[in-house]
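This report looks at aromatic rings, nonpolar cores and model confidence. Please keep the structure in view while reading.

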Amino acid sequence: MQFWPRKRAKRIYPRTRFWPSSKDVKPLGFAGWKAGMTHILLTDSNPKSPTYGKSIARPATIIDAPSLFVCGFRVYRSSASGLMTIGEKWTTKLPKGLELMRKTSPSRKEEGRNFADAKDVRLIVCTQPGRSGIAKKKPDVFELGVGGDSAIQKIEYAEANLGKELSAKDIFRSGDFIDVSAVTKGHGYTGSVKRFHIRIQGRKSKQMHRHVGSIGSTVPRKVDWRVPQAGQHGFHSRTEFNKRVLMIEEDPSKIIPKGGFLGYGLIPESFIMIEGTVPGHRKRLIRMRKSVRNSKHVPPEIKYISLASKQGA
């Protein structure tokens with residue numbers, strides 16, 4: 001019941017519905033491709049922990065995170081039904097494959113329009129797969145929230161960075177807690193045992209064994225939507241909260257195993273190391289944002305990084 005409806009995601013990468021508030025005038029999110037996993041040795045820096053000062057082995061996820069290109073920005077105003085687009089401004093030097101997007105944008109207004117009633121501003125950025133280890137040509141385009149006290153500050157920041165690149169170090173730092181969103185691994189159409197983990201019937205039960213024991217009462221004469229049944233399993237948009245950033249580096253040789261990550265390959269530029277697991281399959285775009293829940297900055301102390309990638313990533 002926690003995740004409903006269990007239907008397929010509309011696209012291969014998720015969308016961010018909410019951005020946290022921040023006084024710093026800078027983007028609130030980033031994105032990269034999941035490359036694989038490794039394990040590290042961390043020193044516990046929490047004085048209240050029973051393992052304080054000791055080395056703890058922890059799994060870590062590696063995100064291939066080349067810089068993002070700022071294509072433009074979109075300005076919103078508040079309305080009775082939520083945020084509504086006022087207009088947007090695009091750079092004249094778009095990457096290859098996105099030239100038609102600026103011309104066919106339905107909500108594009110004149111660039112010199114007055115944004116006096118602006119409520120919020122979002123950056124329109126695109127990925128640069130040519131600078132990553134993934135074999136992909138077409139970039140992904142999405143929005144990033146911008147922090148700041150007023151919409152005027154956000155517009156000035158967006159205009160100053162129009163046509164420029166954003167790196168992960170401009171947004172996050174080692175020890176920050178972030179929220180990670182991705183589209184999970186897809187398993188297709190599965191039964192109720194795998195989909196909802198219901199108990200398999202005994203050997204003397206009638207008819208089928210891999211089905212729910214009772215589908216409900218006789219009246220009303222319909223099956224309630226809460227009854228576990230077969231359907232789509234996996235390929236859902238999911239968000240995990242408070243994942244700690246362990247490392248943001250531009251030297252991939254520190255973590256790349258011999259021959260590259262299994263099923264992914266080499267990371268040519270910068271990467272982000274996140275503590276624990278991350279939803280999604282290898283080569284899938286992972287979106288990150290500043291944590292929306294209260295979390296303190298905990299700088300990690302890494303003693304050892306394994307150069308052998310995990311095959312189950």
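## Aromatic pairs

How many aromatic pairs are there by this rule? In this predicted model, the count comes to three.

One of them joins Trp-4 and Phe-196, which are tilted at 35 degrees between the planes, with 6.3 Å centre to centre. Trp-4 belongs to the segment before β1 and Phe-196 to helix α3 (residues 192-196), so this pair ties together parts 192 residues apart in sequence. Trp-4 also forms a tilted pair with Trp-225, at 5.6 Å centre to centre and 50 degrees between the planes. Here the link runs from the segment before β1 to the loop between α3 and β10 (231-234), 221 residues apart. Trp-4, Phe-196 and Trp-225 make up one aromatic cluster.

Relative accessible area is 39% for Trp-4, which is partly exposed, and 22% for Phe-196, also partly exposed. Trp-225 counts as partly exposed at 43% relative accessibility.

## Charges over rings

Arg-293 has its charged end over the ring of Phe-241, 3.9 Å from the ring centre. The charged end of Arg-122 sits over the ring of Tyr-76, 5.4 Å from its centre.

## Nonpolar cores

The largest nonpolar core has 56 residues, and those touching the most other members include Phe-30, Leu-123 and Met-288. Strand β1 (residues 29-43) gives the most to this core, with six residues. A second, separate core has eight residues, among them Cys-71 and Leu-98.

Beyond four places in sequence, Met-288 touches residues including Phe-30, Ile-63, Phe-172 and Ile-272.

## Confidence

The chain has an average pLDDT of 89, and 93% of the residues score at least 70. Over residues 106-110, pLDDT stays under 50.

Conventions. Residues numbered from 1 in each chain as written. Predicted model: local features only at pLDDT ≥ 70, side-chain atom pairs only at ≥ 80, totals over all residues. Heavy atoms only, no water. Core = buried A, V, L, I, M, F, W, Y, C linked by side-chain atoms within 4.5 Å. Buried < 20%, exposed > 50% of the residue type's maximum accessible area, 1.4 Å probe, protein only. Helix = DSSP H or I, 4+ residues; strand = E, 2+ residues; numbered from the N terminus. Contact = heavy atoms within 4.5 Å. pLDDT = per-residue confidence, 0-100. Phe/Tyr/Trp six-rings, centres within 6.5 Å; stacked < 30°, edge-to-face > 60°. Lys NZ or Arg CZ within 6 Å of the ring centre and 35° of its normal.
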